[in-house]
Every structure is written in structure tokens, then in C-alpha cells.
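Please consider the structure shown below together with its sequence. The discussion takes the form of questions and answers.

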Amino acid sequence: MTRINRRTLLGAGVAAAGAGLLTACSGSGTGHSSHGSGASAPTAGYLTPAAKEIGTAEALRKPGPERRFKLTAVATRLDLDGDRTVSSWAYGDELPGREVRVTVGDTLALTLANNLPQATSIHWHGLALRNDMDGVPGLTQRDIKAGGSFEYRFAVSRPGTYWLHPHSGMQQDRGLYAPLIVEDPKEPLTYDKEWVILLDDWVDGVDESTPDTVLAELGMGMDMGIGGMDHGSDSDSAHDMPGMSMTAPQSPDPTPSGPSRMLMGATSDLLGGDAGDVSHPYYLINGRTSENPQTFTAKQGDRIRLRIINAGADTAFRIALGGHRFTVTHTDGYPVEHEEADALLLGMGERLDALVTAGSGAFPLTALAEGKNRTALAVLRTGGGAAPAASARPKELDGRVVHGGQLKAAEAVRLASRRPDRTIELGLTGSMTKYDWTINGRKYDPAQRYAVRSGERVRLAFVNNTTMWHPMHLHGHTYALAGGGARKDTSIVLPGKRLQVDFDADNPGLWMLHCHNAYHAESGMKTVLGYLK
């Protein structure tokens, strides 16, 4: 069994664009065979997004009827609740962007027109798709330049709840996201209605703040001669100052503007301590604040499928529906053994599907920003009665909380037991002191790759050496949690803990692996898994 740790990092040359895709330049590195002996892994030894194996894998998915869509990324004004409008970037003038809905077996063909002032991209979060369509500039495709366009085209092979967003800088923390729903023509669940719910934390365009200026402030760190306050290393001194927001003294480019957005003292037992880095001024459900929430109408007794997506950048959400219990049916697009819950916890990038049977009246769907003491709101209405107050906090929030790490995979999708051929240890490192979030002590470099081979059972061992939680996301695959656990692509790794997950290497290419806290990822907490030829 191969074992890779921070002392045996694999190197590879920088990928260069060619023929509209990426091919590899020369380079070298060291690796291990499946028997543990040393083996060379130069860049030329990796499959690139232009490799014929990518097309071969796509053909096995048996692309079916074409479903065409068009999105336009624009700078626009967005109305958050009728009283608050902000300047941001979005798909059209909608928040979230228009839903993309297809059926298993379809070929999704979506053209993105880029009317933004900078380059962009689309990543299809959670989908196992062909590598050259994964949407990571500098790794799987060229940037879509300002004024340009690009057609994403790929077979859709699995049903489930997914979403799409850029993989370009801090753009995900603007309004550039939309749900992607893949219907199952053999859907085993029975329900009357479907409610797609996107949760978000919002800062863009508020008091001159943008995600980039927030990142610039965070990037200065907290090592300011005030006792080393830090919520990324072992210091707990910040915990005595709940809700404290600090202003940093110097400003890198881009210059931080508006009020400080650095959050101190936000803690959660469910998240193992510190809850987040950013004090977002608003929290949204389907693009609306709690002052003027979305209302979903149904009839008493309707069985409703909720497809819940955490599209936030820095916030885990605990969500509950007043007067109701959830029956959890899926996580990250895959079915699970059904589980009853009062409330659900989702890290950034995670999805949960649940069924509820609607009562009579008007009920608050409240999403608590975990550890931040703020809420977002939507309303389920089946009859008369006063609308819930903006501050509504149903008692179910304090009931039984279920998250994806507790769920068991449904038998039909359970990963067969098999000894791993390769184990890759991924130390999650960094701190708030220097805001130097990394994997195995190294900031992201597309030339730095961890090797896998097609057909292998690969074990990823996430070791969280920080005092922050990290929602880790693998592109192009789903993995299985230990002991028959759920099939997932994004998982919370608690501070000081180790999480082991297994996947089958069955989708060749270069695949990003990263923290889905957008601020951590953009600071360097991401890396690449590369398939060897």
C-alpha cells in the first residue's frame, strides 16, 4: 500500500494551455508504486485534461439527449429584500442564478458568456464529469476572459442535488452561484412538491466591502502585538471576547475598505471550537434576508422534498423548520439510510435532501449561522395566520441535529469493502496569526500533485492540525466515509481530528482537492490529485 505524507510530496511541472485545453510541461518529482517502491512521476507521466483517456471515460457514461442552457455573468444590482440593494456580480440579475435542471443520461451543454470585468469559470460542484469540463482555470481549462464565452458540454451520469459556481478567485462569495438538479427517471421517493434552498452569507457591496477586500484584511493576519490572538493555532485567548471584530493596521492591495469584517470569538461545540473568520452583514435563503423572506406555498399534508445547499463562503448553517421534523434521504447527491432529525448542519459546499409533511399554517424555515448568532429565514405557508417574525428561532434548532458525517450510505450505493492500494495523508495546516492556510504546509501550486492510478482504491487521510474546522471537497469523485458511511464529496474535518475516506480512482485527469471555506482556499488550502499514465 502506498503511503504519501508531507515528507514525500509529489512534484510536477506547471500545466500550460494548448489546443483549448491544458497539456503538461516537463518536470519531475518522486512517487511510489502500489508496492511501496520509489518511482519517478515527471509531469509527462500525468494524464492531462487533453488526454484521450478523458474522452474514453466520457464515452462510458453514454452521453444522451442534449439539454442546452445559457448563463451570462454580469455586474449588476441585486435586491436582497425590497429595501436593500447591492452592487455585485451574478448570473443575469437573479440571486441565486437560474436553476439548471437535467435528467440522468442527458448531455448538459451550457454556454457561459462573461460580461464581467475579469476572467471567470464554472465549476460543477459534486459532479463526476469529464476532467476538461471541471472548470478550474490553470488546471483543467483556460480562463474565460472578460468579454469571452465558453461552452461546457458533458454527460450527466448520476442524479442528485448539486450546484455551480466559479473557481476564479473570490467570485464564489459574490452572487455567482446557482442550483444544479439532476433528476432520476427511476426516482424511488414519492413527494408532492420540491423546494430548492440555497443558504448564503453575504458581504459583497455592503458599505464598500467586497470579498477581495475582506480577504486582503484577513491576509494581514492577527499577529499585531496583542498577545498573539489566533483562532487557527493552539491559542484560545480570543475566545474570551465574543463577537469581537478587529481592525487591522496596514492594507495590502486590494485595499481593505469599509468596516472591519474580521470575526473574533464565534464558537460552536458542533464545529469543535471556532466557527468562522468573517463577520458577514447578511445571511440569506434563496437570495433574501429575513426582513422580507421567500415564501413557499403548499397544501396541508403535502410531502415536500427539500434540496438544501450551503453556498456560503465562511459559514456552517444549522437549519430547522418550525413545527416539523426532517427525514433525511440524501447527502451530496447520494441516498442514505433515512434518518429523523429536528435540525440539520451543513458546512460550505455540502448538500442535504430531506422530506417533510407540511402542517397547517405559516412556519419559519430558519438557518442559524452556526456559532455566529445570526439567522436567515424563509417561510412555508399552507394556510392563514401571521408570518413568522424575522427573528424566529424554532425550538427544533435545539433538538436533534444531524449532519452528513453521521449518515450511512443506502445499500445500493455503498462502497464495497476493499483494502486501499494507496493512502495519501493531507495535513491541514495554518493559522489566523498569519492567515497562511495550507495542505501539508504548502500553499497551492498547480504543479504540486499527489499521484493516483486508474483502478486503485485510494484512501485520503485528512489530519486537521489547526483549531479551525475545514469543509474539505474533492472534485470529480465521491468518496465513502468509514464503516459504511455516506457517499460524499465534501466533509467537515473538525479541529485536531483525523478523517479517513476512500474512493475508487475511476475518473482520469487532474482534480482539485481543497477547503471549501473560500477564504482558506484562496489563501492556499488546496492541492491536486493527478492520475498517472
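Predicted model: local features only at pLDDT ≥ 70, side-chain atom pairs only at ≥ 80, totals over all residues.

Residues are numbered from 1 along each chain as its sequence is written, and side-chain values use heavy atoms, with hydrogens and water left out.

Q: Which residue in strand 26 stands opposite I309?
A: Strand 21 (residues 303-310) and strand 26 (residues 351-357) run antiparallel and are joined by 7 bridges. The residue of strand 26 opposite I309 is R351.

Q: Which residue of strand 29 stands opposite L345?
A: A further open sheet of 6 strands has the order 20-28-27-22-25-29, with mixed pairing. Its edge strands are strand 20 (295-297) and strand 29 (401-403). Strand 25 and strand 29 pair in the parallel sense over 3 bridges. Opposite L345 stands H403.

Q: Why is helix 2 described as largely enclosed by the rest of the structure?
A: Buried means under 20% relative accessible area, exposed over 50%, and partly exposed in between (1.4 Å probe, protein chains only). The buried residues of helix 2 are P211, T213, V214, L215, A216, E217 and L218. Helix 2 (residues 211-219) is largely enclosed because the number of its 9 residues that are buried is 7.

Q: What is the distance between the closest N and O atoms of D342 and R325?
A: A salt bridge is a side-chain nitrogen of Lys or Arg within 4 Å of a carboxyl oxygen of Asp or Glu. D342 and R325 form such a bridge, which links the loop between strand 24 and strand 25 (343-346) to the loop between strand 22 (317-321) and strand 23 (326-331), 17 residues apart. D342 counts as buried at 16% relative accessibility, whereas R325 counts as partly exposed at 40%. The closest N and O atoms of the pair are 3.0 Å apart.

Q: How many residues apart in sequence are the parts tied together by D502 and R459?
A: D502 and R459 form a salt bridge with their closest N and O atoms 2.8 Å apart. D502 is buried, at 11% relative accessibility, and R459 is partly exposed, at 23%. Because D502 lies in strand 38 (residues 498-504) and R459 in strand 33 (residues 457-464), the parts tied together are separated in sequence by 43 residues.

Q: Is K526 buried or exposed?
A: K526 meets E522 in a salt bridge at 3.6 Å, N to O. E522 has a relative accessible area of 33% and is partly exposed. With 13% relative accessibility, K526 counts as buried.

Q: How many salt bridges does a search of the whole structure find?
A: Some are connected: E99, R101, E183, E187, E194, R305, R307 and D353 are linked in a network of salt bridges. For the whole structure, the number of salt bridges found is 34.

Q: What is the volume of the largest pocket?
A: On a 1 Å grid over the protein atoms alone, a pocket is an open set of points with protein on both sides within 12 Å along at least five of seven lines, a cavity is a set where a 1.4 Å probe fits but cannot get out, and lining residues have an atom within 4 Å of a point. The largest pocket is lined by 22 residues, with A128, S157, R158, Y334 and D506 nearest its centre. Helix 1 (52-60) and strand 38 each supply at least two residues of this lining. The volume of the largest pocket is about 430 Å³.

Q: What is the volume of the largest cavity?
A: The search finds 2 cavities of 30 Å³ or more, a volume being the space filled by probe spheres set on grid points joined across faces, edges and corners. The largest cavity is lined by 10 residues, and the closest to its centre are I439, R442, Q448, Y450 and T527. Its volume is about 50 Å³.

Note on methods. Pairing = 2+ DSSP bridges. Helix = DSSP H or I, 4+ residues; strand = E, 2+ residues; numbered from the N terminus.
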